[in-house]
Every structure is written in structure tokens, then in C-alpha cells.
Amino acid sequence: MKSRLSKLAIMGLTMAGAIAFGQSNASVSVDAIKAQYQGNWFAHQNGRWYHVNVTKNHVTGTGYTDYGRTHTFNLNPNFTAFWNAGEHGYYLGVGNLSFQSMYLGLNGNFTTLKLLAGQDTGTTIFYRSKDAALGKYFTATVQHIDATTKKKIGTDWHVKSPAAENWWFEPGNGYQYYQLQGSKRVNYKLNSNRTFKIYYKATYRKLTIKNYDFDTGKLISTQTKMVKVGTTPLVKPGTVKGYQAYSAAKYAKRVNLDQTMSMTYRKAATITVKYQANEGTQLNPKWTDITNAKTYTSVVGKQLHIAPVQNGDYIIPAAQDITVTGNRTIVLNYQLNKQGYLNKYNQAITNKHFDAAHTTQLKAATNIYYVQMKSATSASALKKAWNNFNDVMQHVTVMNLNV
């Protein structure tokens with residue numbers, strides 16, 4: 001709020017406590033402050049009111065300085081009032097600043113009171129309302145209201161102002177997510193305590209998202225976000241540790257007020273799939289990884305299709321369909337594909353298109369490899385026998401059976 005009377009000048013002072021002053025050469029001591037100077041005085045700076053009350057032998061109240069410090073005066077009875085002939089007014093010794101004297105100067109027009117400091121040119125001017133001397137001042141309460149919900153925003157302002165004077169204030173638009181409605185300046189005159197309602201229109205509203213465990217109904221977590229008024233935002237499931245979203249993304253209602261939405265999640269489980277074969281002799285078999293294990297993250301209750309990986313050295317096991325109930329490991333067992341290699345052996349012999357005698361002769365010559373493949377107990381032995389056979393076949397021609 002600002003007074004219509006004058007722009008205030010503020011001085012920089014630090015109150016060190018009340019001190020007494022004696023007479024000076026140009027001054028005459030007085031026993032009491034004249035009645036004309038007694039009463040309530042008001043100053044205003046940076047949205048705050050400051051009040052000084054002067055009685056016959058007592059000065060109390062607060063003053064403000066440009067250093068941002070508030071001075072508290074409590075000068076009963078440690079002060080000396082004296083008449084200064086040069087200034088034609090009273091001076092009241094009230095404190096000091098860096099060894100400089102600080103005074104309250106009462107001018108002869110009885111409408112202004114100045115807070116002075118020795119050599120310092122800074123001055124706080126207190127204005128006197130025509131009714132202030134009678135103690136008539138009232139409280140203006142300013143409330144900030146949500147124009148839609150009619151609920152209060154923030155904390156009320158409470159400002160004391162002298163009665164029967166013209167004052168004004170600027171509501172300001174310092175609220176995040178709100179826009180001031182109406183005038184940016186309010187003029188008023190107080191004849192009693194009064195409440196002003198300043199309305200703001202919301203530009204954003206709060207959307208609360210509650211995340212629930214689908215299986216237990218337990219609230220897992222809550223998130224909030226601000227969404228623009230008038231929009232219909234698409235809300236996607238968030239990230240919840242140890243869970244996977246079960247709800248799909250969905251649209252909120254058109255935003256006008258704060259609203260709440262629910263999302264469901266199910267506990268996440270890790271499914272580890274191992275691809276193995278039990279290779280070696282019957283007396284000493286050993287599990288061998290066909291390929292690296294794979295992991296799948298899924299939610300409890302979901303159907304999961306586990307497909308085997310392809311590998312020509314082995315007979316491919318059947319796929320598995322499971323219902324996820326928690327963390328688990330699934331092993332897909334493979335067997336050596338001996339018959340597949342033997343079939344390839346017979347096909348390779350046939351593809352040479354020999355007559356029966358030469359075909360029989362070729363089979364006899366390569367029978368060692370056939371036996372090795374048939375008796376192999378590991379993929380490496382199976383492939384070695386096949387590679388050796390295949391190497392021999394590279395040198396066999398239809399016209400020159402060199403065996």
C-alpha cells in the first residue's frame with residue numbers, strides 16, 4: 001500500500017539502544033512533549049506499515065531503514081526532549097548510529113514527524129492522519145480467492161491503515177498457476193475493519209495419480225503433476241520400482257478442477273531361460289550351454305511364450321507356455337542331432353550319382369566317418385566327423401572314384 005501524501009524517504013540506521021541527551025547551546029530543555037505532537041504517526045515502505053506513538057513523556061513504535069532493519073523505539077523514561085531554536089521544533093534523543101546521534105524531529109505543522117540521524121541525510125517521514133490522533137485506524141484484510149472454487153489461495157494480508165484517508169494497493173499476480181482477474185489497483189478508504197477478496201483464475205490444476213498393486217489393492221505410490229486448464233491430457237503409467245504397469249495409458253477428464261486418477265501395477269518377475277544339452281559319455285555326462293541364457297521381465301499373472309533357439313547340431317525341444325507366478329528358471333533340454341547328420345551323409349553319397357557298385361564302394365570307404373557321427377557324444381565330435389567326411393567328398397568325382 002502507498003500513501004497519497006508523499007513518497008517516503010528511508011534512512012539507513014542501526015538501533016543501538018536508548019540514550020539520554022542533554023541541552024545544547026542552541027536548545028532549551030523541556031519537561032514534556034507538547035500536546036500538538038502527541039498521537040499516532042504512520043509511515044509506509046515496501047508494503048509494510050510502521051507506527052510511532054508519541055505521548056507526553058513516551059515514544060514507542062517501529063521505524064524502517066533502507067538497510068532493511070526495523071527500529072524499535074521504547075524510550076520511557078530515558079530520553080530528553082529539548083527545543084531547538086534553529087529548527088523551530090522539538091528533538092527527541094532516541095539512539096545512535098556509529099557515534100552519530102539519532103533524533104525524532106517534530107515539525108511545527110503537526111502533520112509530519114521525521115526520523116533523523118546526526119550527519120546522515122536519510123529521513124523516514126511519518127505522516128499523521130487527521131483521525132490518527134484520536135486512535136482511529138482500522139485493519140484492511142486482503143484475501144486471495146480461487147475464482148472457480150471460491151477457496152482461499154495463500155495467506156491473508158492484514159494491513160493497518162489510518163481511518164478516513166485514501167489508500168490503495170496492488171493485488172499483484174505472484175501466484176504460480178493463477179492469473180489475476182479484475183483491476184490491478186484497488187483504491188479504498190477505511191471507516192471500519194474491511195476484507196477485500198481478490199479473485200484469480202487458475203491456469204493449471206493439480207492431477208494426482210495413485211498407483212495400486214493390481215493383485216492386493218495396496219497403494220504403492222502417488223505422483224502429482226500440474227496440467228493446463230482446458231486440456232485433456234494423456235496420462236501414461238510411471239515407473240514404480242519392482243513393478244510393471246498393468247494399466248494402459250488413458251486420458252484424464254477435461255481439466256477444470258484438481259482431479260485424481262488410478263493406475264494399476266503388478267509385481268515384476270524375472271524369468272531366466274537356459275538352453276542346455278547333457279553331453280559326454282554315459283558314465284560322465286556334463287551339462288553344456290547351447291547359447292547364453294536369456295532373461296525376460298514380466299508381470300505376475302501374465303502368459304509367457306518361451307521359444308527355443310535354433311541350432312543345427314541339436315534336436316530343437318518344444319516351446320513352453322507358462323503363467324508367470326514369480327522369479328523362476330526354465331531349462332530347455334537339447335539332444336545331439338545325430339540322425340540329422342547321418343541323413344546328410346546319405347544324401348551326400350547319393351548326390352554323386354554313381355552306379356550301385358561305385359556307391360557301395362564309396363560308402364565303404366567313408367564308413368569310418370559314418371560310425372564316428374553315429375557314436376559321437378558331443379557337438380564338437382559330431383561336427384569333426386562331418387567335416388572330415390565332407391573334406392574327403394570334395395575330392396570324389398563321378399568319373400574318377402579314387403578311393
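User: Buried means under 20% relative accessible area, exposed over 50%, partly exposed in between (1.4 Å probe, protein chains only). Which is Y246?

Analyst: Y246 is partly exposed, at 41% relative accessibility. This is a predicted model: local features need pLDDT of at least 70, side-chain atom pairs pLDDT 80 or more, while totals for chains, interfaces and linings use all residues. Residues count from 1 along each chain as its sequence is written, and side-chain values use heavy atoms, leaving out hydrogens and water.

User: Which residue forms an aromatic pair with Y246?

Analyst: F214. Their ring centres are 4.4 Å apart and the planes make 45°, so the pair is tilted (Phe, Tyr or six-membered Trp rings, centres within 6.5 Å; under 30 degrees stacked, over 60 edge-to-face, the rest tilted). F214 is also partly exposed, at 40%.

User: Where do F214 and Y246 lie?

Analyst: F214 is in the loop between strand 18 (204-213) and strand 19 (219-228). Y246 is in the loop between strand 21 (243-245) and strand 22 (250-251). Therefore the pair ties together parts 32 residues apart in sequence. Strands are DSSP E runs of at least two residues, helices H or I runs of at least four, numbered from the N terminus.

User: How many aromatic pairs in the whole structure?

Analyst: The search finds 10. Y341, Y345, Y370, W386 and F389 form one aromatic cluster.

User: New topic. Which residue lies over the face of Y341?

Analyst: K344, at 4.3 Å from the ring centre. Likewise, R266 lies over the face of Y246, at 4.9 Å from the ring centre. The test wants Lys NZ or Arg CZ within 6 Å of the centre and within 35 degrees of the ring normal.
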